[in-house]
Amino acid sequence: MQSSENSWVLITGASSGFGREFAQQYAAEGRSLILVARRLNELEMLAEELRARYAVDVLVQQADLSSIDVIIDLHRDLHDRNIVVDILINNAGYGLQGAFLDEPLESSLAMIDLDIASLTAITRLFAEDMRARRKGHILMVASLLSYQGVKNFAVYSAAKAYVLRFSDALHRELKGDGVVVTALCPGMSDTGFASNAKQKITPLLRRVMMQPQPVVQAGIRALQAGRMSVVPGFGNKAISVLTWATPRRFHQGLMEHVMGV
Ligand SMILES: NC(=O)c1ccc[n+]([C@@H]2O[C@H](COP(=O)([O-])OP(=O)(O)OC[C@H]3O[C@@H](n4cnc5c(N)ncnc54)[C@H](OP(=O)(O)O)[C@@H]3O)[C@@H](O)[C@H]2O)c1
């Protein structure tokens, strides 16, 4: 099913993990896709697979999104080609495990650049177009760690707290303009995240780890339903409820136990 409509789903970080799964699930719905990440080979192989399997249009854009200029160029290029992005999946991001003072400052700042500044910039550009059309959907991939400061993930958990708060606020700001903004808050999941984060996978973490398929499905459903946010999986939901219902020292201790830090 090839869509004749000029309506595209832009997925950042589509070369692996959740981003790749978003591409699979939206392609299965017959949507036209724009796949963005740095690893061109992975994007092109995925695009080939999706075109062959679902007969959908897939554009591939190699981009290092930690540069705001690159984001501005990407937006301008799509605009010049009259490509309309109706769904933006703000997924590209990473974390680093380690004591704050033992990590180089440059690594912490680079993470903030991608996880906060770039996400803010790309949202600003595409949300403005959506507001003008009075139509659009934006999914922000936050984290279960958005809900609390987590030892040895200080910068990452703070960055994801930003993503969740930013998303919650935009959900309300843009509601009246026909633009839905939803935050997806996954817990530990089986993607490239852990190895990029140099994270130790404890036996407990391995037991609670989710596969990308149900996480992404929960995100897409919540976005379609116009929800403010979603925490996928029963265990993750329980942890998010405990965060509201218990003193900080209790749920921080619990999270440190689960994360093995
Ligand atoms: N997996 C988990 O346990 C978990 C839990 C909560 C939240 N999350 C969040 O989920 C999102 C996706 O991560 P994942 O778990 O799917 O991990 P992943 O498999 O490592 O995927 C990360 C994606 O981000 C892209 N990316 C990284 N830096 C980039 C850059 N500078 N420019 C463009 N693209 C970049 C990577 O592509 P290239 O390397 O090709 O650029 C890759 O496609 C992240 O925001 C992460 O924080 C993950």
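## Backbone contacts to the ligand

Start with L65: a polar atom of its backbone is 2.9 Å from a nitrogen atom of the ligand. Keep in mind that this is a predicted model, so read the distances as computed from that model. At F193, a backbone N or O atom lies 3.5 Å from an oxygen atom of the ligand.

How much of the ligand does the protein bury? On its own the ligand exposes 880 Å², and the protein buries 96% of that area.

## The shell around it

As for where the ligand sits, it's in the largest pocket. The ligand has 30 residues around it, and the closest of them are S15, S16, R38, Y156 and T191.

What kinds of residues make up this shell? You get 13 nonpolar and 13 polar residues, plus four charged ones. Three helices each put at least two residues into the shell: α1 (17-28), α5 (154-175) and α6 (193-196). F193, with its backbone N or O atom 3.5 Å from a ligand oxygen, falls in the α6 range, 193-196.

## The sheet

Now for the strands. Seven of them make an open sheet with parallel pairing, and the order runs β3-β2-β1-β4-β5-β6-β7. At the edges you'll find β3 (58-62) and β7 (229-230), each pairing on one side only.

Inside that order, β1 sits between β2 and β4. The β1 strand covers residues 8-12 and pairs with β2, residues 32-37, in the parallel sense. How many bridges join β1 and β2? There are five bridges between the two strands. If you want a spot to look at, go to I11: it stands opposite L35 in β2.

Methods: Residues are numbered from 1 along each chain as its sequence is written. This is a predicted model: local features need pLDDT of at least 70, side-chain atom pairs count only at pLDDT 80 or more; totals for chains, interfaces and linings use all residues. Side-chain values use heavy atoms; hydrogens and water are left out. A residue is near a molecule or strand if one of its heavy atoms lies within 4 Å of it. A polar contact is a pair of N or O atoms within 3.5 Å; within protein, one must be able to donate a hydrogen and the other to accept it, and residues adjacent in sequence count only if both atoms are side-chain atoms. Accessible areas come from the Shrake-Rupley method with a 1.4 Å probe; for residues, only the protein chains shown count as cover. On a 1 Å grid over the protein atoms alone, a cavity is a set of points where a 1.4 Å probe fits but cannot get out, and a pocket is an open set with protein on both sides within 12 Å along at least five of seven lines; lining residues have an atom within 4 Å of a point. A molecule sits in a cavity or pocket if more than half of its atoms lie within 2 Å of its grid points. Helices (H or I, at least four residues) and strands (E, at least two) are DSSP runs, numbered from the N terminus. Ala, Val, Leu, Ile, Met, Phe, Trp, Tyr, Cys and Pro count as nonpolar, Asp, Glu, Lys and Arg as charged, and the others, Gly among them, as polar. Two strands pair if DSSP finds at least two bridges between them.
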